[in-house]
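Please read it alongside the sequence and the coordinates.

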Amino acid sequence: MPMEQMSRLRQRWQLLAYVVAVAALLLAPAVLSTYPLSVLTEILIFGLFAMSLNLLLGYTGLPTLGHSAFFGAGGYVVGLLAKYYQVPLGPALLLAILAGVVLALVTGPIVLRTSGAYFLMLTLSLTQVLFGVVWLARGVTGGDDGLPGIPTPQLAFLAGSLEPTANFYYLALAIVVVAIASMAWVVRSSFGLALLAIRENERVVEGLGYPTWLVKYAVYALAGGYGALAGALYTFFKGYVGPGQLSWLVAGEGLVMTIVGGAGTFWGPMVGAAVVLLLRYEVSTFTQRWLLILGLIFIATVVLMPRGIVRLPERLREVRARVRREELLEPVAGERQPAEQVVERS
Amino acid sequence: MLELHEVYGGYGDGLVLNGLSLSVGEGQVVALLGRNGAGKTTTMRAVFGLLPRLAGRITLRGESLRGLAPYAVAARGVALVPQGRRIFPSLTVTENLLIGVRPPRGEQRVRWTLEEIYRLFPILRERGNLRGTLLSGGEQQMLTIARSLLTQPLVLLCDEPSEGLAPVMVQRVAEILHRLKEAGLSILLAEQNLDLALSVADVAYILEEGRVIWQGTAEELLADTHVQATYLGLRVEASEGA
């Protein structure tokens, strides 16, 4: 069957792409100097953040402007633990994830009563409340000064042979890879399928026997955990956490990364994070009006590639077909008309 | 199997169901007939607890379904084939089916496995990797029915399965319903297409303004052209649709 052959060929290409990507990521510190390597580290971290946001936006169809709440919560948890209690890396990260999950479990019953624009507004106010709490609790959080001087963890067995940036890069890479692998497992499970179906038509999913509310609650908690993990890594990376990490602007940035890269695709948000951050750092080196240029590029991307960069090959096929005036779905369209006309009346 | 007793219900101020009573026996196919707006779809929504206002008794094997969330009604063995073929458009055909799969219950006569489904609907195996939207209307209807069967229902509620289908596909739907009947499934079938409904049904109810105004066996209704003309008045249209 040609169809099976095609999918086997695709799988082989996919495998090759993974191998090349992993090799490139492993060799990066040997090739890149400190600055580009730190940008790459940031891309990995924000990629994970955007991917966790994508679980809500892309897979379940829940647009959120509050995902920075988890990003910030994870950051403050590891910040406080590492700075004041010298808690080692592993437990600190686990507690950060736990904090994200708990925060989601507590706020979920409130925000998940809604969907669409209302969900967006409620999640936005959630970050704002948290932002306010952190701002006011000066004694613990340092208020608007934040918590500086958080030690950046290192991989002990590489400590002698690598400089700190490369060392933390490998640490972050390992954690992000494990997190993404677990996310892939979740997305491919029947739970992941239920998420996609909820995005398409929640009521029908419920009619098939799924307590959809519980499914959404679970994915919200999961996304919270991943978001907090990304935030924890970011705090370690910067050696600092401040209320800015909770700001809805961070959540908005995550949304942009997800949408530009391709919401609802697995790798889209990671690609989006890379594009957004590279553009920002590149463009800002030659003009102060980098936000303007960035904005124009985003508009162009969304107009030309409405379903994200990752779906570019699909999009190119469509455009090519249109140029040749081919009808992509000709046989299917032809089958339908007569029936629908007949029954519309009765 | 499924009993509705003196059910009243609706959405806003007005009531759509006005003391409706009906019963679907074990292994029985029951046709729910009536003009548009008579309350056929609302009856099905009532069973699933989807009406904001509802009174009366709804039981499955003597156990009340009132106050249960829709997923809980489904979990107890009621499956709905919704009007308008609500498939998940961006999922593949196989994924659409997998969403439905539930472990079989002890009391079922037929256990629906994917193999069983593919035997009944060979087209779904062929189309497995296609997205739902690329299917024809008839294929989408097959997919919706198949998906519902995989939830291992005791009762299947079919809301106008022939709506919007080409005659040859309506024929196919009729065949499928016959096969399901042979398999011992209890079915409540809302239909505008009288020929289709009466070809499978054992019993028929005619609804008007949310209550039953005629009930009897399918043969009685088939023979009684007076009832057909008075209460349904769509004999001609229905045959056109078929």
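The crossing of α10(A) with α11(A) is right-handed. This comes from a predicted model. Helix α10 of chain A covers residues 248–261, and helix α11 of chain A covers residues 268–286. Their axes come within 7 Å and cross at roughly 115°. That angle makes α10(A) roughly perpendicular to α11(A).

On the α10(A) side, the contact uses Val256(A), Met257(A), Thr258(A), Val260(A) and Gly261(A). On the α11(A) side, the residues include Gly268(A), Pro269(A), Met270(A) and Val271(A). Gly272(A), Ala273(A), Val275(A) and Val276(A) of α11(A) also take part. By class, this contact has nine nonpolar, four polar and no charged residues.

From α3(A), the contact residues include Phe70(A), Phe71(A), Val77(A) and Val78(A), along with Gly72(A), Gly74(A), Gly75(A) and Gly79(A). From α9(A), they include Gly224(A), Gly227(A), Gly231(A), Leu229(A), Tyr234(A) and Phe236(A). The contact residues divide into eleven nonpolar, eight polar and no charged.

The two pairs are set out below.

| Helix pair | Axes come within | Crossing angle |
|---|---|---|
| α10(A) and α11(A) | 7 Å | roughly 115° |

Now to chain B. Strand β6 of chain B spans residues 78–81. Val78(B) and Leu80(B) point one way from the strand, and Ala79(B) and Val81(B) point the other way. Are these residues buried or exposed? All are buried.

β6(B) pairs with strand β7 of chain B, residues 155–159. The pairing is parallel and runs over four bridges. One of the bridge partners is Cys158(B) in β7(B), which pairs with Val81(B).

Arg105(B) sits in the loop between α3 (93–100) and α4 (114–120) of chain B. Why does Arg105(B) count as partly exposed? Arg105(B) has 13 other C-beta atoms within 10 Å, whereas a buried residue needs 20 or more and an exposed one has 12 or fewer.

Beyond its sequence neighbours up to four places away, Arg105(B) touches Gly77(B) and Gln152(B). Arg105(B) and Gly77(B) are 28 residues apart in sequence. Their C-alpha atoms are 8.7 Å apart in space.

Technical notes
Residues numbered from 1 in each chain as written. Chains lettered and ligands numbered in written order. Predicted model: local features only at pLDDT ≥ 70, side-chain atom pairs only at ≥ 80, totals over all residues. Contact = placed C-beta atoms within 7 Å. Helix = DSSP H or I, 4+ residues; strand = E, 2+ residues; numbered from the N terminus. Nonpolar A, V, L, I, M, F, W, Y, C, P; charged D, E, K, R; others polar. Axes fitted to C-alpha atoms, helices over the stretch in contact; angles between N-to-C directions. Parallel < 35°, antiparallel > 145°, perpendicular 65-115°, else oblique. Left-handed = near helix turned anticlockwise from the far one by under 90°. Pairing = 2+ DSSP bridges.
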